[in-house]
Amino acid sequence: MTAAIPTRAAPSGSEQDAPEEPAPIAGFEQRNRHFDRLVATPGLKWMGQNTNHMPAHPAVLAAMHASIAAGEYQIYAPPSGLEALRAGIVADLGLPGAVAHVTDGAVSALYHIVRTLLSPGDELVTTDPTWKWPVNFATEAGATVRQIPIYGAEHGYRLSPARLAEAIGPQTRLVYLVDPNNPLGTAATAEEIEGFVDVLRARGIYLIHDCTYRDFAFDHHLAARLYPERTITTYSFSKWLGLAGLRVGAMVGDPGLIARLAAAPPNNLGSSLIAQRAAVAGLAIKAEWFPAVLAANRENQRRIIAAAESLPGLSVPIPRSNGNFLVFETAEDAPSPEAICAALARRNILIRQGAYHTPAFGHRFVKISTSVPAAWADALIEALPAALDEARKAPAGGKLF
Ligand SMILES: Cc1ncc(COP(=O)(O)O)c(C=O)c1O
């Protein structure tokens, strides 16, 4: 149920008796109400935002409880993060010589980097699909955005150095590379990373290497190893450790570059201490805990792929996903992605329509997140045939975000 936002005072004169037009609901209000409804939905199976729903390690829960018991919510954290966490992030990436600045999730690092490095007239280059928010941040900063289409078998669902080189122009100041790519699940090879870096170094262009899904990859290569002077690696605890609601991540790079970014960050009073204690504890148990999470994610993917491939109208173009998600491609005669999402939503399963990521290719796919309990994967597999049938008959319905 959506309520209208407060309307202006009743007009005077004869108009007073006219039925009042409900004020249009602003887009951000609609979006917020949508997510407010989702968080209030009991038993919702969150398979649309690549969040991680595996049970947390007890040490991570204990660290949060200890922080609350000690009243740490009453104080500010160090502005660039707990030293133990900063060191832990750099060690986890294996980037000696780099430094970390802890942020309120990776997204606030992305916001800050884009807004600091880009001025009106500059250009951001990224792929299509990409993670859309840095595109919006760049546009708001007055920069232009060039997206290189990578969706489709003709591109192998990946970016090549040659196509990056072609796209770069005189105004290009920043490249945003989501690797592994969300939503596609492709990851750049060592040769591709070398090729990208050669292109960027020749022009002094900055690189954001968004490594949010790195831990789910079969193989991953950090551009910062080859191009430390202008690469900023963004890091998230939301996905591998399952701390999306706590908002903790980081930007990592050359000390001079991070010093510049740390001069006036939006989280100057530090990020949540409870979140940082959980993250420190998470890094300590990562080697023991994460392999089972990854194995469960891949097993869910294996079963979900088999189910999708057996259904008319669906295919899985990137079955070897380097992320905790899969893309289902919808054939021309299949129901729309929005109708499939709506039919699954009626069964309390949240997946995501491609249009969230890309207006150009969004009508061709849905995305399913797989770092979830096996029972959720079972529920999806069981629901899919009837949901597809229903989606063929029913239009998409309400707006999705
Ligand atoms: C590619 C990418 N980068 C960054 C983020 C945001 O991460 P965080 O939750 O750490 O802000 C997401 C979240 O979905 C993402 O997909």
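**Briefing on the predicted model**

The chain has a mean pLDDT of 94, and 95% of its residues reach 70 or more. Residues 1-15 stand apart from this picture, with a pLDDT below 50; beyond near neighbours in sequence, the stretch has twelve contacts in the model.

**Ligand shell**

- Around the ligand there are 13 residues, of which Gly105, Ala106, Val107, Ser236 and Ser238 come nearest.
- Helix H4, residues 105-117, gives the most to this shell, with three residues.
- By class, the shell holds seven polar, five nonpolar and one charged residues.

**Nonpolar cores**

- The largest nonpolar core comprises 69 residues, and those with the most contacts inside it are Leu110, Ala278 and Ala279.
- Helix H4 also gives the most to this core, with eight residues.
- Apart from this core lies another, of 32 residues, including Met47, Leu314, Ile349 and Ile351.
- When neighbours within four places in sequence are left aside, Leu110 is in contact with Trp133, Pro134, Phe137, Ile208 and Thr234.

**Strand E5 and its partners**

- Strand E5 (residues 172-178) is largely enclosed by the rest of the structure, because six of its seven residues are buried.
- Strand E3 (residues 123-128) runs parallel to E5 and is joined to it by four bridges; Thr126 has Tyr176 in E5 as its bridge partner.
- Strand E6 (residues 206-210) also runs parallel to E5, with five bridges between them; Leu174 stands opposite Tyr206 in E6.

**Cis peptide bonds**

- Asp128 and Pro129 are joined by a cis peptide bond with omega of about 5°; Pro129 is placed in the loop between E3 and helix H5 (133-140).
- Asp179 and Pro180 are likewise joined by a cis peptide bond, with omega of about 0°; Pro180 lies in the loop between E5 and helix H7 (190-203).

- Asn50 is not a glycine, yet has a positive phi of about 60°; its place is in the loop between strand E1 (45-46) and helix H2 (58-69).
- Asn50 has 24 other C-beta atoms within 10 Å and is therefore buried, the cut-off for burial being 20 or more.
- Arg247 is not a glycine either, and has a positive phi of about 65°; Arg247 lies in the loop between strand E7 (231-236) and strand E8 (249-253).
- Arg247 has 19 other C-beta atoms within 10 Å, so this residue counts as partly exposed.

Technical notes:
Residues numbered from 1 in each chain as written. Predicted model: local features only at pLDDT ≥ 70, side-chain atom pairs only at ≥ 80, totals over all residues. Near = placed C-beta within 6 Å. Helix = DSSP H or I, 4+ residues; strand = E, 2+ residues; numbered from the N terminus. Nonpolar A, V, L, I, M, F, W, Y, C, P; charged D, E, K, R; others polar. Core = buried A, V, L, I, M, F, W, Y, C linked by C-beta atoms within 7 Å. Buried ≥ 20, exposed ≤ 12 C-beta atoms within 10 Å, placed from the backbone. Contact = placed C-beta atoms within 7 Å. pLDDT = per-residue confidence, 0-100. Pairing = 2+ DSSP bridges.
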